[in-house]
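Have the 3D view open as you read.

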Amino acid sequence: MKAQRSNVAQSENGNREQGFTLLETLISMVVLTIGLVALLGVVGMAMTATQTSQQDMIAKKLAQETVESLYTARDTANLTWTQIQNTTTGIFLTGFQPIYLAGADGIIGTADDSLGAAQVLTLPGPDGIYGTTDDVNVPLTNFTRRIEIASVANPATGANYNNLRQLTVTIQYYTPQYRLPKQYVLTSFISQYR
């Protein structure tokens, strides 16, 4: 009798150690599925970021181009210091404006820009060489630009500096993945002196 009990006990212990139960297999499958779904989400986010990076770069370059245009206009004396303001007292338009080529005055963001053509970005075509017949022209109709020129106050006195202004260039654009507009903002200062 004792021999039978010990054999039963050994066989029960042996059965417990022989393999996985159905419950253990289901739990491991659920954990594996959750991990794979999370990995798929990360891959999707990476693809979205890659697809919008070109538009982000274009917005950055448009903002830099605008600030450099203002500095050049000041340095070449194409503008007087009083003209470097928004349209209430200066020549720069307020609000978001389409991206046009510079007008007759050669300065970006002024009223005569709307008389010119919409600005396009030329990219090298399939041959990878810029300036050949297969180049691709990308219209910048998805982008708008706002130039804000504000006085800068002296923190000690509260009065505005007469020879310093703050430039804020905002480029607004839409990406296919987002319904809300994205913005790139570049802030700089410009002084009366070259």
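Four strands make up an open sheet in the order 1-4-5-6, and the pairing is antiparallel. Strand 1 and strand 6 (182-191) sit at the edges with a single partner strand each, so one side of each has no neighbour in the sheet. Keep in mind that this is a predicted model.

Strand 4 (residues 143-153) and strand 5 (residues 160-173) run antiparallel and are joined by ten bridges. Along that pairing, A150 stands opposite Q166 in strand 5. Helix 2 packs on the sheet and touches strand 4, strand 5 and strand 6, with its direction at about 20 degrees to that of strand 6.

## Salt bridges

How many salt bridges does the structure hold? There are three. One of them pairs the side chains of D56 and K182, at 3.0 Å from N to O. D56 is in helix 2 and K182 in strand 6, so this pair ties together parts that lie 126 residues apart in sequence. D56 is partly exposed at 26% relative accessible area, and K182 is partly exposed too, at 24%.

D75 bridges to R74, with the closest N and O atoms 2.8 Å apart. Here D75 is partly exposed (35%), whereas R74 is buried (13%). R146 and E148 also form a salt bridge, their closest N and O atoms being 3.7 Å apart. R146 is partly exposed at 22%, and E148 is partly exposed at 35%.

## A ring and a loop

The charged end of R165 sits over the ring of W81, 4.1 Å from the ring's centre.

A77 is in the loop between helix 2 (22-75) and strand 1 (97-98). Though not a glycine, A77 has a positive phi of about 65 degrees.

Terms used. Residues are numbered from 1 along each chain as its sequence is written. This is a predicted model: local features need pLDDT of at least 70, side-chain atom pairs count only at pLDDT 80 or more; totals for chains, interfaces and linings use all residues. Side-chain values use heavy atoms; hydrogens and water are left out. A charge sits over a ring if NZ of Lys or CZ of Arg is within 6 Å of the ring centre and within 35 degrees of the ring normal. Helices (H or I, at least four residues) and strands (E, at least two) are DSSP runs, numbered from the N terminus. Two strands pair if DSSP finds at least two bridges between them. Contact means heavy atoms within 4.5 Å. Axes are lines fitted to C-alpha atoms, for helices over the stretch in contact, and angles run from 0 to 180 degrees between N-to-C directions. A salt bridge is a side-chain nitrogen of Lys or Arg within 4 Å of a carboxyl oxygen of Asp or Glu. Buried means under 20% relative accessible area, exposed over 50%, partly exposed in between (1.4 Å probe, protein chains only).
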